[in-house]
Amino acid sequence: MKYEFEKLAEEELERIFEMLEKDETLEVTLADGVLTIKALNGDYAINKHMATEQIWFSSPVSSLKYFVFKDGKFLEKKSLQLTLEEAITIDLKK
């Protein structure tokens with residue numbers, strides 16, 4: 001199970017990295033399983049947390065959110081409604 005989570009999390013971080021690196025207003029890096037974003041509204045960090053099998057999203061806009069893999073996507077742990085990509089997109093627009 002841990003290996004499956006790690007693979008899914010790495011694929012998700014890579015997909016989001018590729019999406020964001022097209023935006024010339026952002027400085028985006030992906031290294032050692034941590035995606036960092038430097039934006040006009042602050043610095044973001046997204047990383048996989050193996051012990052809890054979650055992706056953690058630290059945002060200067062909305063604080064810390066936790067995402068779990070469910071129904072084929074990473075969803076915010078509390079609501080199971082908001083995807084990781086949606087959370088990032090919303091915060092970057094603020």
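Strand β4 (residues 54-59) and strand β5 (residues 63-70) run antiparallel and are joined by five bridges. Strands count as paired if DSSP finds at least two bridges between them. Helices (H or I, at least four residues) and strands (E, at least two) are DSSP runs, numbered from the N terminus. This is a predicted model: local features need pLDDT of at least 70, side-chain atom pairs count only at pLDDT 80 or more, and totals for chains, interfaces and linings use all residues. Residues are numbered from 1 along each chain as its sequence is written, and side-chain values use heavy atoms, with hydrogens and water left out.

Stay with the β4 and β5 pair. A hairpin of three residues joins β4 to β5. S59 has S63 in β5 as its bridge partner.

β5 also pairs with strand β6 (residues 73-76). This pairing is antiparallel too, over four bridges. The hairpin of β5 and β6 has two residues between the strands, and D71 takes a positive phi near 55° there. F69 stands opposite F74 in β6.

The structure holds five aromatic pairs. Rings of Phe, Tyr and Trp (its six-membered ring) pair if their centres lie within 6.5 Å; planes under 30 degrees apart count as stacked, over 60 as edge-to-face and the rest as tilted. F5 and F74 form one of these pairs, edge-to-face, at 6.2 Å centre to centre and 75° between the planes. This pair links distant parts of the chain: F5 lies in helix α1, F74 in strand β6, and 69 residues separate them. The rings of F69 and F74 are also edge-to-face, because their planes stand at 65°, with centres 5.1 Å apart. F5, F69 and F74 form one aromatic cluster.

F5 has a relative accessibility of 5%, so F5 counts as buried. F74 is buried as well, at 2%. F69 has a relative accessible area of 36%, so F69 is partly exposed.

Now turn to helix α2 (residues 84-92), which holds A87. The buried residues of α2 are L84, A87, I88 and D91. They sit on the same side of α2 because they cover an arc of only 95° around the axis. The arc is that of the directions from the helix axis to the C-beta atoms. An α-helix has 3.6 residues a turn, so residues three or four places apart point the same way.

Take A87 as an example from that side. A87 is buried, with a relative accessible area of 3%. Which residues does A87 touch, not counting residues up to four places away in sequence? A87 touches F57, K65, F67 and L82. Contact means heavy atoms within 4.5 Å. The C-alpha atoms of A87 and E14 are separated by 16 Å, and the two residues are 73 apart along the chain.

The charged side chains come next. A search of the whole structure finds six salt bridges. A salt bridge is a side-chain nitrogen of Lys or Arg within 4 Å of a carboxyl oxygen of Asp or Glu. One of them joins the side chains of E10 and K48, at 2.6 Å from N to O. The pair links distant parts of the chain: E10 is in helix α1 (residues 2-20), K48 is in strand β3 (residues 42-49), and they are 38 residues apart. E10 is partly exposed, with a relative accessible area of 38%. K48 counts as buried, at 16% relative accessibility.

A second salt bridge ties the helices. E85 pairs with R15, and the closest N and O atoms are 2.6 Å apart. Again distant parts of the chain are linked: E85 lies in helix α2, R15 in helix α1, 70 residues apart. E85 counts as partly exposed, at 26% relative accessibility. R15 counts as partly exposed, at 36%.

D43 and K38 supply another salt bridge, with their side chains meeting at 3.4 Å, N to O. D43 is partly exposed at 48% relative accessibility. K38 is partly exposed at 42%. Salt bridges that share partners also join E6, E10 and K48 into one network.

Notes: Buried means under 20% relative accessible area, exposed over 50%, partly exposed in between (1.4 Å probe, protein chains only).
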